[in-house]
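Have a look at the sequence and the model, then read on.

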Amino acid sequence: NKALELQQHCLPKYHMDLASTCSTISHVYHDRGNYEEALSYCTKALDIFTRCLRPNHRSLAVVHTNMAN
């Protein structure tokens, strides 16, 4: 989470790197069995990706799939 804090301080609110970091953090929480936290970070990633990418972009599909798991 420290990397995310640094990125939030240095990058614009809706930057792709923030979305990628949130997605990575969600995987860590998922692997640890903390599904609520994983979903929270997945939702943050999805929000940023939705604002930055075309509706049919692969990254959006990946985040939706991760949320379903």
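Which residues in H2 meet which residues in H3? From H2 they are Met16, Leu18, Ala19, Ser20, Cys22, Ser23, Ile25, Ser26, Tyr29 and His30, and from H3 they are Tyr35, Glu37, Ala38, Tyr41, Cys42, Lys44, Ala45, Ile48, Phe49 and Cys52. Contact means heavy atoms within 4.5 Å. By class, the contact of H2 with H3 has 14 nonpolar, four polar and two charged residues; here Ala, Val, Leu, Ile, Met, Phe, Trp, Tyr, Cys and Pro count as nonpolar, Asp, Glu, Lys and Arg as charged, and the others, Gly among them, as polar.

Please keep in mind that this is a predicted model, in which local features need pLDDT of at least 70 and side-chain atom pairs count only at pLDDT 80 or more, while totals for chains, interfaces and linings use all residues. Residues are numbered from 1 along each chain as its sequence is written, and side-chain values use heavy atoms, with hydrogens and water left out.

**How H2 and H3 pack**

- Two packed helices are described by the angle between their axes and the distance between the axes.
- For helix H2 (residues 16-31) and helix H3 (residues 35-52), the angle is about 160 degrees and the axes are 8 Å apart.
- That angle makes H2 roughly antiparallel to H3, a label for angles over 145 degrees, whereas those under 35 count as roughly parallel, 65 to 115 as roughly perpendicular and the rest as oblique.
- Axes are lines fitted to C-alpha atoms, for helices over the stretch in contact, and angles run from 0 to 180 degrees between N-to-C directions.
- Helices are DSSP runs (H or I, at least four residues), numbered from the N terminus.
- H2 passes H3 in a left-handed crossing, meaning that the near helix is turned anticlockwise from the far one by less than a right angle.

**H1 against H2**

- The axes of helix H1 (residues 2-10) and H2 cross at roughly 165 degrees and come within 10 Å.
- H1 and H2 are therefore roughly antiparallel to each other, and their crossing is left-handed.
- On the H1 side, Leu4, Gln7 and Gln8 take part, meeting Asp17, Leu18, Thr21, Cys22 and Ile25 in H2.
- The contact of H1 with H2 divides into four nonpolar residues, three polar and one charged.

**H3 against H4**

- The axes of H3 and H4 come within 10 Å, crossing at roughly 160 degrees.
- H3 and H4 are therefore roughly antiparallel to each other, with a left-handed crossing.
- H3 brings Leu39, Cys42, Thr43, Leu46, Phe49 and Thr50 to the contact, and H4 brings Ser59, Leu60, Val63, His64, Asn66 and Met67.
- By class, the contact of H3 with H4 has seven nonpolar, five polar and no charged residues.

**The nonpolar core**

- The largest nonpolar core has 16 residues, and those with the most contacts inside it are Leu4, Cys22, Ile25, Tyr29, Tyr41, Phe49 and Val63.
- H2, H3 and helix H4 (58-68) are the elements that give two or more residues to this core, and H3 gives the most, with seven residues.
- A nonpolar core is a set of buried Ala, Val, Leu, Ile, Met, Phe, Trp, Tyr and Cys residues joined through side-chain atoms within 4.5 Å.
- Buried means under 20% relative accessible area, exposed over 50% and partly exposed in between (1.4 Å probe, protein chains only).

**Residues worth a look**

- Tyrosine 29 is in contact with Asn1, Asn34, Glu37, Ala38 and Tyr41, leaving aside its neighbours within four places in sequence.
- Threonine 21 lies in helix H2 and is buried, with a relative accessible area of 15%.
- Leaving aside neighbours within four places in sequence, threonine 21 is in contact with Leu4 and Gln7.
- Serine 23, also placed in helix H2, is buried with a relative accessible area of 12%.
- Not counting residues up to four places away in sequence, serine 23 touches Ala45 and Asn66.
- The C-alpha atoms of serine 23 and lysine 44 are separated by 8.1 Å, with the two residues 21 apart along the chain.
- Asparagine 66 has its place in helix H4 and, leaving aside neighbours within four places in sequence, is in contact with Ser23, His27 and Cys42.
- Leucine 39 is found in helix H3 and is partly exposed, with a relative accessible area of 42%.
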